[in-house]
Amino acid sequence: MSFAITQSCCVDASCVSACPVNCIHPAPGEPDFGTTDMLYVDPRACIDCGACAEVCPVDAVFPVENLVGPLREYAEVNAQYYADREAPAALAGTPLFHAWDPVRFDRVLPAGFPQLEVAVVGSGPAGMYAVEDLLLHTTARVTIVDRLAVAGGLVRFGVAPDHASTKQIGEHFGRYLDHHRVRTRLGVEVGRDVTVEDLARDHDAVVYAVGAAQSRDLGVPGEQLPGNLASTTVVGWYNGHPEIPDDAVDLSAGRAVIVGTGNVALDIARILAADPDTLTAVAAPVLAALRASRLREVVLLGRRGPREAAWTRGELLGLLRRDDLEVVVDDHDPRIADEIAAAGPAETASLLRDVPLLSQAGGTSRRRVVLRFLSTPEAVLGDDHVTGVRVGGVDLDARLVVRAIGHRGRPVPGLPFDEATGTVPHVEGRVEDRPGTYVVGWIKRGAAGGIGANRADAAETVGSLIADGAAGLLGPGAPRNPVRRAARSLARATRRR
Ligand SMILES: Cc1cc2nc3c(=O)[nH]c(=O)nc-3n(C[C@H](O)[C@H](O)[C@H](O)COP(=O)(O)OP(=O)(O)OC[C@H]3O[C@@H](n4cnc5c(N)ncnc54)[C@H](O)[C@@H]3O)c2cc1C
Ligand code: SF4
Ligand code: SF4
């Protein structure tokens with residue numbers, strides 16, 4: 001028997017260094033690392049020790065004999081990764097990838113490295129991985145600043161409430177909030193309550209991890225109509241975001257249209273269409289709204305075909321394996337069925353082969369999720385409220401339209417900003433022309449990648465910060481009592497709120 005990694009894997013690679021036989025891949029440094037939806041256990045080499053399951057922060061690893069329900073396919077998913085990369089005949093029987101590289105110590109501080117006073121702005125995964133790296137590898141004192149009164153970023157207010165194991169990573173990050181070298185300043189927004197200049201003056205280094213909180217627009221007529229919502233509004237609503245009112249989402253009509261074929265679009269479709277009694281972790285007012293919902297159908301619109309949808313295999317499987325809703329593929333264009341038929345076994349679109357086509361689907365008492373590919377919205381319809389969406393000359397009735405076509409960063413006043421990419425320009429995490437200022441996470445590399453991708457990203461940024469400290473670029477002008485000085489601007493800002 002072996003262990004297998006499952007859907008909630010966020011690719012942070014914690015398990016790789018825990019495995020005594022190096023049988024979890026792709027590992028950091030290997031060519032595929034960062035390009036796959038998850039990591040995979042090689043069942044031929046796994047010795048069933050369970051060390052990976054012990055360290056996994058999102059409870060994604062199980063003995064294969066324990067895989068049941070929607071997880072039962074993951075033994076095969078793990079094995080398939082290695083089957084697809086089988087050694088050439090000459091090497092048959094020799095497992096690939098399993099030699100350990102020489103041990104490297106990436107964080108070596110020179111004698112006399114200063115005790116730095118560092119502010120980390122943003123308490124989402126990128127900020128918290130940066131905090132972790134700073135605490136575990138330097139003597140820095142860290143002040144975490146966040147505009148919201150609750151820490152966690154998208155782990156708290158983005159990850160869907162039925163992804164309980166993914167949300168568990170919040171506990172991993174949460175333990176650093178109580179660390180004796182950490183202070184928190186929650187409810188303090190940089191650009192509103194405190195300036196970039198204040199923070200730069202009062203700290204040896206400032207790391208911005210402010211994410212990419214803005215939903216991209218469709219750019220079609222009617223976009224301003226009430227009822228046409230950004231994905232951030234709907235996601236914030238079902239996650240109890242303090243800035244989103246309880247009545248933000250109107251579920252009084254039979255159909256909702258979601259534009260987008262990424263994981264966020266799938267999350268929203270699943271939460272809106274699922275049996276509310278399966279959603280134990282949503283706030284009471286949201287649960288009441290979902291119970292009273294008149295929604296019968298959620299249509300997901302994808303501009304391109306099924307082979308180009310951005311969702312991951314795990315998230316699509318998670319939707320297809322639910323028995324409280326029905327999923328169908330709208331076959332309005334013959335190319336759609338052709339593409340699904342042509343998809344290879346490793347392609348996510350191959351999972352759609354067993355999904356009924358809309359033209360053949362019978363009636364159902366369950367809510368239905370319709371996947372409608374090759375459908376670009378041309379206009380959001382309505383006079384004083386959304387009444388539908390026009391796609392390919394066809395009008396789909398709906399009172400709720402959600403645009404889930406990606407996120408982009410917002411400028412922070414006082415920091416440079418690249419409008420084209422929605423990011424802060426940087427070199428290996430160092431903000432251009434701002435000594436002592438760093439970026440990490442979605443505001444650094446754009447809104448792509450899961451939680452775990454921010455770990456390697458934070459390692460790069462903190463690596464740059466440490467190198468600058470070692471080169472004497474941080475700290476020499478530091479005040480005699482950095483704790484008191486650093487407290488000044490933030491203490492003022494906290495008092496004002
Ligand atoms: C809806 C949704 C669901 C997702 N689900 C998953 C999932 O299930 N699994 C997975 O692996 N990945 C998931 N992801 C991706 C994951 O959430 C991101 O990789 C990650 O959150 C990016 O981290 P970040 O720290 O850069 O940004 P964020 O998590 O957005 O954190 C940014 C923080 O900065 C704060 N902030 C912003 N501006 C300021 C300011 N001016 N002053 C002070 N504070 C500020 C914000 O309040 C926030 O706390 C999801 C993403 C979204 C959008
Ligand atoms: S979440 Fe991290 S520790 Fe868990 S299986 Fe995935 S890579 Fe390994
Ligand atoms: S059970 Fe042990 S040997 Fe198998 S993948 Fe996990 S850590 Fe490696």
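This is a predicted model: local features need pLDDT of at least 70, side-chain atom pairs count only at pLDDT 80 or more; totals for chains, interfaces and linings use all residues.
Residues are numbered from 1 along each chain as its sequence is written, chains are lettered from A and ligands numbered from 1 in the order in which they are written. Local features need pLDDT of at least 70 and side-chain atom pairs count only at pLDDT 80 or more, while totals for chains, interfaces and linings use all residues; side-chain values use heavy atoms, with hydrogens and water left out.

**View 1. Helix H12 (residues 313-320) is mostly covered.** Helices (H or I, at least four residues) and strands (E, at least two) are DSSP runs, numbered from the N terminus. Six of the eight residues of H12 are buried (under 20% relative accessible area, 1.4 Å probe, protein chains only). These are Gly-314, Glu-315, Leu-316, Leu-317, Leu-319 and Leu-320. They pack against helices H3 (74-83) and H10 (263-273) and against strands S13 (325-329) and S14 (367-372), where contact means heavy atoms within 4.5 Å.

**View 2. Ligand 2 is shown with the 13 residues around it.** A residue is near the ligand if one of its heavy atoms lies within 4 Å of it. Cys-9, Asp-12, Ala-13, Cys-15 and Cys-56 come nearest. The shell comprises 11 nonpolar residues, one polar and one charged; Cys and Ala count as nonpolar, and Asp as charged.

**View 3. Three strands form an open sheet in the order S15-S16-S17.** The pairing is antiparallel, and strands pair if DSSP finds at least two bridges between them. Strands S15 (377-381) and S17 (394-397) are the edges, each pairing on one side only. Four bridges join S15 to S16 (residues 388-391), and Pro-377 stands opposite Val-391 in S16.

Methods:
Buried means under 20% relative accessible area, exposed over 50%, partly exposed in between (1.4 Å probe, protein chains only).
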